[in-house]
Amino acid sequence: MFSVFVHESLATLYDVLPIILLLGFFQVVVLRRPLAQPRRLFLGLFYVALGLTLFRIGLIESLIPIGDEMARQLAAPAVGTDALLAWFPVLAFAGLIGFSATLIEPTLIATARRVEDLSGGALRPLPLRLVVSLGVALGLLLGAARIVYGIPLVHLVIVLVLLLAILGLTAPRPIVPLALDIGGVATSVVTVPLIAAFGIAMADTIPGRTMLHDGFGLIVLALLTPPVILLAFVQAQAGYRKRKEQGGKDAV
Amino acid sequence: MSRGWLFAVNLVKVAARQTGRQKADVRDQIAALAGELGRNFRDLVPILLVVAFFQLLVVGEPMDALERRLGGAFLALLGMTFFVRGLSMSLFPLGDELADGLARRGSILLLLAFSFALGFGSTVAEPALAAVANQAADAVADGAGEAADKFSRLLRYSAAAAVGAAMALGVFRIVKGWPAIWLVLPGYALAAALALWLPDLPAGIAFDAGAAATSAINIPLIIALGVGLASLIGGRNPLVDGFGLVALSSLAPMLVMLVFLATSGS
């Protein structure tokens, strides 16, 4: 365990070095400003390095093997059939784990708070997080079904991008940039390692699927569905409001 | 496990002692961290319930190496608490201050260079991208080893360079006031066309690496840069013009990785 800690610390330092050097360069050489609150800054950097090291060990020891083993255990009994019912546990797990992992993504929590401030309270954080988590869940459901039935990834990507284009070009303009970004925000440190391992193990368990061609793709589908769901939701809400207003006028 | 854990605790104590001039300062830090750790634990409960439900009721057997899995989950949570707090003390304020200072200077070239550096540096440090890159390397190089390490590093650095380029393009877009969707849709169309045209390509690796490239470190920096710039430039709305950078930053590595896989002939 201790050697793992040393190894992961060194790897983390190596990975964090570029950003520290680059930001330091711009601060000291380009702007020629002294560091504000250097003590706090260095303590923060130490926390980043320590936190990333512990997080990476946690990924190797927990998140990645759990995703891998759950996929194998749930997919193995269904191998050999095409019946949707046999595959139901794997698909349900993919959806539910996507929903619960996205709800706690630190990136999504922070972004939802920022959006509330920027929209003057119009977009509240929890509904936004719930809609986005639903989007990730649907994306993973779709992605897991794709691995089971061997549907080419690019076909699903094309369908989702077409939906995104139709909804994005007709939606109220202020929401579109946020919707485009929200998929990337939703697939972050908790979701990604868990579902990447899950997809690869599924492809490895099911005969006729290869890790290389079928194991990847869950993350991109989880990235593309939340914008589609969010835009569809916004459109439905706008349509409902319009109809209500019109209905009110007719009644008068 | 206990040795590494004790070592970590001592490191925190030493660092806190050296940097905190007053004891109250240290106490505040620890209280804030403990509060965040508690909240993160509470948030983890739904995931634990989902895994436990499927493991016990569907699979019907206890989980292999349960203590290791629980210990690992605790370390991941503890690590997340530390790095999220550390980022908000160090890289985030530094990035904000730099973006503000450079934007006020008015040199667009300098601003673009900074955007590239910020995108590149923060993506190299992303732990989620590293996890996906390692798995992709295992699948491509057929098992871990030197070739897999090299592939993983190459994948991460080219994804990082692509994020940097996308950030520079996205910042240019904000300055010009173009709608984000006019860059995002053609980009996805191009990626889909490449994947359709070369069906033998393991396109899933490229798509997933791009999707994993934007994560916990670079997204807050990217959004702060976009929103900050949009608020500084007259006639821009932070919500409308400030967002859109993250979408470009996931898309660019997908395109670069597709080209990389196509030319490396794997």
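Chain A and chain B bury about 9300 Å² between them, 77% of it on carbon and sulfur atoms, where buried area is the accessible area, taken with a 1.4 Å probe, that two parts lose on being put together, summed over both. Before I go on, this is a predicted model, in which local features need pLDDT of at least 70 and side-chain atom pairs count only at pLDDT 80 or more, while totals for chains, interfaces and linings use all residues. Residues are numbered from 1 along each chain as its sequence is written, chains are lettered from A in the order in which they are written, and side-chain values use heavy atoms, with hydrogens and water left out.

Let me stay with the interface. The contact, meaning heavy atoms within 4.5 Å, takes 96 residues from chain A and 109 residues from chain B. Across this interface the rule finds 20 residue pairs in polar contact, both residues being at pLDDT 80 or more; a polar contact is a pair of N or O atoms within 3.5 Å, where, within protein, one must be able to donate a hydrogen and the other to accept it, and residues adjacent in sequence count only if both atoms are side-chain atoms. On the side of chain A that touches chain B, helix 2, residues 38-75, gives the most, with 26 residues; helices here are DSSP runs of H or I, at least four residues long, numbered from the N terminus. By class, that side of chain A has 70 nonpolar, 17 polar and nine charged residues, with Ala, Val, Leu, Ile, Met, Phe, Trp, Tyr, Cys and Pro counted as nonpolar, Asp, Glu, Lys and Arg as charged, and the others, Gly among them, as polar.

Now to the charged pairs. The structure holds eleven salt bridges over all chains, a salt bridge being a side-chain nitrogen of Lys or Arg within 4 Å of a carboxyl oxygen of Asp or Glu, and four salt bridges are found across the interface of chain A and chain B. In one salt bridge, E61(A) meets R68(B), with the closest N and O atoms 2.8 Å apart; E61(A) lies in helix 2 of chain A and R68(B) in helix 3, residues 66-89, of chain B, so this pair joins two chains. E61(A) counts as buried at 12% relative accessibility, where buried means under 20% relative accessible area, exposed over 50%, and partly exposed in between, with a 1.4 Å probe and protein chains only.

The side chains of E69(A) and R69(B) also meet in a salt bridge, at 3.2 Å from N to O, and since E69(A) lies in helix 2 of chain A and R69(B) in helix 3 of chain B, this pair too joins two chains. E69(A) is buried, at 18%, and R69(B) is buried as well, at 11%. Leaving aside residues up to four places away in sequence, E69(A) touches D64(B) and R69(B).

Within chain B, D100(B) and R104(B) form a salt bridge at 3.0 Å; they are four residues apart in helix 4, residues 91-105, and thus separated by about one helical turn. D100(B) is partly exposed at 29%, whereas R104(B) is exposed at 58%. A network of salt bridges links E8(A), D15(A), R56(A) and R156(B).

Finally, the nonpolar cores. Of the 164 residues in the largest nonpolar core, F93(A), M202(A), V220(A), F114(B) and F207(B) touch the most other members, a core being a set of buried Ala, Val, Leu, Ile, Met, Phe, Trp, Tyr and Cys residues joined through side-chain atoms within 4.5 Å. A second, separate core of twelve residues includes I57(A), L33(B), L37(B) and L75(B).
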